[in-house]
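Student: I have just opened this model and would like a guided tour. Could we start with the overall architecture?

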Amino acid sequence: MAAPTAYSLIATDLDGTLLRGDDTLSDRSLAALARVAAAGAGHLVVTGRPAPRVRPLLDIMGSEGLAVCGQGAQVYDAGADRLLWSVTLDRELAETALGKIEAEVGQVYTAVDQDGVDGLTLIEPGYLMPHPTLPAVRVRRRDDLWCEPISKVLLRHPDLSDDELAATARSVVGSLATVTMSGPGTVELQPCGITKATGLALAADHLGLGPEGTVAFGDMPNDIPMFDWAAHGIAMANAHPELKAVADEITLSNEDDGIAVVLERLFPEA
């Protein structure tokens with residue numbers, strides 16, 4: 001293990017990683033992040049959540065810096081409450097991709113995250129939010145999902161597992177979109193070529209940092225590109241087997257403050 005001073009940037013996923021199952025941050029995790037800041041290192045949230053759903057959590061952390069949102073499609077400046085960078089998913093391509101998926105597996109239920117710092121999460125009839133605490137607006141029909149630019153599409157199937165749905169989507173979507181699986185009940189389509197790694201690289205470069213000084217934490221397959229980019233990838237005990245297979249280290253679960261355990265080791269109190 002590298003010396004504590006080797007790491008200048010800590011990149012953390014939120015759901016299933018930094019957050020507990022009830023969407024809260026523990027006091028121990030907040031204290032560990034304060035150690036990181038006191039040591040002069042940076043912290044970047046790197047999450048599938050869109051910027052509007054991340055802003056309240058950044059407030060709790062007292063962060064006015066950058067965050068990577070929307071699976072890498074957004075780099076958000078919390079202090080200025082603006083997007084430094086964003087890329088949208090072409091809505092016609094999204095509809096085409098959905099058609100190809102449904103031709104293989106039958107009806108799926110869908111939602112979209114709109115682009116922008118005030119973008120809404122829209123859900124069609126039948127779609128159940130995997131995180132019921134997150135706000136969403138139900139629309140009457142699928143066509144209403146495409147009323148504004150979007151950063152991604154979320155998919156759920158009534159019978160298939162997430163792994164099965166993601167595998168089928170990847171096999172038929174091709175270059176229309178990037179398919180990710182970011183949590184229970186959360187298979188997503190995002191702009192082709194966009195991953196957490198692309199967003200993290202942009203944000204790190206803005207801070208004058210690079211992969212060689214970055215340690216990343218995650219729990220799902222959508223974190224694999226981030227682990228590939230960072231010098232050191234740490235999976236949670238509750239992580240998906242695909243992520244554990246490529247991790248450099250496995251810590252305790254999100255419920256057991258697994259991130260804090262590692263950060264306390266890497267950044268001991270003076």
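Tutor: The protein chain has nine helices and 14 strands; helices (H or I, at least four residues) and strands (E, at least two) are DSSP runs, numbered from the N terminus. The radius of gyration of the chain is 18 Å, close to the 18 Å that the globule rule gives for 270 residues, so the chain is as compact as a globular protein of that length. That radius is taken over C-alpha atoms, and the globule rule is 2.2 Å times the number of residues to the power 0.38. This is a predicted model, in which local features need pLDDT of at least 70, side-chain atom pairs count only at pLDDT 80 or more, and totals for chains, interfaces and linings use all residues. Residues are numbered from 1 along each chain as its sequence is written, and side-chain values use heavy atoms, with hydrogens and water left out.

Student: What does the C-alpha trace span along its principal axes?

Tutor: The span is about 60 × 40 × 30 Å.

Student: And how much of the chain is buried?

Tutor: Buried residues make up 53% of the 270 residues. Buried means under 20% relative accessible area, exposed over 50%, and partly exposed in between (1.4 Å probe, protein chains only). The accessible surface comes to about 11100 Å², and 51% of that surface belongs to carbon and sulfur atoms. These areas come from the Shrake-Rupley method with a 1.4 Å probe; for residues, only the protein chains shown count as cover.

Student: What share of the contacts joins residues 24 or more positions apart?

Tutor: Among contacts with a separation of 6 or more, such pairs account for 58%. Contact means heavy atoms within 4.5 Å.

Student: Let us turn to cysteines. How many disulfides are there?

Tutor: A search of the whole structure finds zero, where a disulfide is a pair of cysteine sulfur atoms within 2.5 Å. Cys69 counts as buried because its relative accessibility is 0%. Cys147 counts as partly exposed, at 47% relative accessibility.

Student: New topic: where is Asp219?

Tutor: Asp219 lies in the loop between strand 12 (214-218) and helix 7 (224-229). Its relative accessible area is 5%, so Asp219 is buried.

Student: Which residues does Asp219 touch?

Tutor: Leaving aside residues up to four places away in sequence, Asp219 touches Asp13, Asp15, Gly16, Thr17, Met236, Asn238, Ala239, His240 and Leu243.

Student: His240 is on that list. How far apart are His240 and Asp219?

Tutor: They are 21 residues apart in sequence and 6.0 Å apart in space, C-alpha to C-alpha. His240 sits in the loop between strand 13 and helix 8 (241-246). With a relative accessible area of 13%, His240 is buried. Beyond residues up to four places away in sequence, His240 touches Asp163, Met181, Asp219, Met220 and Pro221.

Student: Which residues of helix 9 are buried?

Tutor: In helix 9 (residues 258-266), Gly258, Ile259, Ala260, Val262, Leu263 and Leu266 are buried. Their cover includes strand 1 (9-12), helix 1 (14-18), helix 2 (27-38), strand 12, strand 13 (232-235) and strand 14 (249-250).

Student: What is the phi of Asp257?

Tutor: Asp257 has a positive phi of about 60°, although it is not a glycine. Most residues other than glycine have a negative phi. Asp257 lies in the loop between strand 14 and helix 9, and its relative accessible area of 9% is why Asp257 is buried.

Student: What about Asp81, buried or partly exposed?

Tutor: Asp81 counts as partly exposed, at 34% relative accessibility. Asp81 also has a positive phi, about 50°, and is found in the loop between strand 4 (74-77) and strand 5 (82-86).
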